[in-house]
Amino acid sequence: MSHKSPKDFFRPLAVGAPAPLREIPARPSRAIHFFDPSNEKMAAKVPGMIGTVDVLLGNLEDAIKADNKVAAREGLVKIAQSTDFGPTQLWTRINALDSPWVLDDLTTLVPAIGDKLDVIMVPKVQGAEDIHYVDRLLAQLEAKAGIQRPILIHAILETARGVANVEEICGASPRMQGLSLGPADLAADRKMKTTRVGGGHPGYLVRQDPPKDADGNSQIDAQRSVFQQDLWHYTIAKMVDACATHGIYPYYGPFGDIADVVACEDQFRNAFLLGCVGTWSLHPKQIAIANRVFSPSVEDIAHARRVVAAMGDGTGAVMIDGKMEDDASLKQCLVLVELAEKLAEIDPELKKQYDAIEVQA
Ligand SMILES: CC(=O)SCCNC(=O)CCNC(=O)[C@H](O)C(C)(C)COP(=O)(O)OP(=O)(O)OC[C@H]1O[C@@H](n2cnc3c(N)ncnc32)[C@H](O)[C@@H]1OP(=O)(O)O
Ligand SMILES: O=CC(=O)O
Ligand SMILES: [Mg+2]
């Protein structure tokens, strides 16, 4: 954990840098859509995606060929300078802190487009020291460039040491906006034996007990159901707790099987139910899945509003459809109602659906 005093924590780290935020804004970020700014075809699609996705992220790290690193950085500057992003946030993923590109990433991007960048995603974060390094450097660059609002930091949880240090990473700077799970790098770093980019694995399962014959002997060769388990449950739950403790936001990460939109939706929904606020989208077709999954359903909002209406001042207990509701379940319902209100501000279609709900007595 940081050894700074609480008041120093909220002082700028360079003379002339903007004051750190005390609260991280809860801006909707259901899909963080990755694009390669050095890929002209992909980059050309970016202006048309504004308003259809909550976050557009110019990726400079993995998935960008070494020969294209400079073109990606320069492409991002060009796109950011020539585009009005309206309601859509602009993020970038810089190269890893031990790479030959990251210093130029930061010293180029902040002066050129620091006033347009909402969040910088930092990959392969190992501990608080990585965040401290970026924190100070950003403050120096912001001061030099006269940037008026602090650029926030998002860390990818994708090393074993990062997972072990997740608490101190979340609390390392008032710039910390959130964390994403990086299942591909994390699997490699932990020496897990899956070669998939996120999602489940058919070998990670629990098998139904064998039936017994008339003499009570187990029929181990009999047909038995298997239930595939979630390889990522532990890490996502740990990440959600660390983020909630520090008032920042957890996200699922990449789902690499672009064709399997069904399993992608399942993985996203598991993360949503566990507390994540959004996910990555690698391909345009994953945006609609993320927007659907990370927006509460009309049924959930109808129920939540009914509980809120029935609970009055929030004390006591009531019965609704045979189920007990009290202060705790009211708070659960308020999580959904408040999220729906935020989403309705930026998504007219959702607003229409939520507005049409009639609250049952
Ligand atoms: C483990 C990690 O670090 S994950 C994060 C790093 N990885 C990434 O960022 C990957 C981003 N996505 C991509 O590179 C691509 O989507 C790929 C390689 C997965 C698939 O690309 P393609 O084979 O070209 O996909 P496909 O043919 O279905 O593309 C259809 C159209 O969508 C466009 N498109 C594909 N992905 C994107 C994207 N992320 N953003 C914008 N447009 C895109 C294509 O250019 C193509 O355009 P066209 O119809 O004008 O030809
Ligand atoms: O960067 C993402 C990952 O899964 O690795
Ligand atoms: Mg990674």
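What we have here is a predicted model, in which local features need pLDDT of at least 70 and side-chain atom pairs count only at pLDDT 80 or more, while totals for chains, interfaces and linings use all residues. Residues are numbered from 1 along each chain as its sequence is written, chains are lettered from A and ligands numbered from 1 in the order in which they are written, and side-chain values use heavy atoms, with hydrogens and water left out.

I start with ligand 1, which is surrounded by 15 residues, where being near means having a heavy atom within 4 Å. That shell divides into 8 nonpolar, 3 polar and 4 charged residues. As for polar contacts, meaning pairs of N or O atoms within 3.5 Å, a nitrogen atom of ligand 1 lies 2.8 Å from a polar side-chain atom of His33, and oxygen atoms of the ligand are 2.8 Å from an N or O atom in the side chain of Lys41 and 2.6 Å from one in that of Lys45.

Turning to ligand 2, the residues around it are Arg93, Glu158, Gly182, Pro183, Ala184, Asp185, Pro254 and Trp280, and by class they comprise 4 nonpolar, 1 polar and 3 charged. An oxygen atom of ligand 2 is 2.9 Å from a side-chain N or O atom of Glu158, and backbone polar atoms also take part, that of Pro183 at 3.1 Å from a ligand oxygen and that of Asp185 at 2.8 Å.

Notes. Polar contact = N/O pair within 3.5 Å; in protein donor to acceptor, adjacent residues only side chain to side chain. Nonpolar A, V, L, I, M, F, W, Y, C, P; charged D, E, K, R; others polar.
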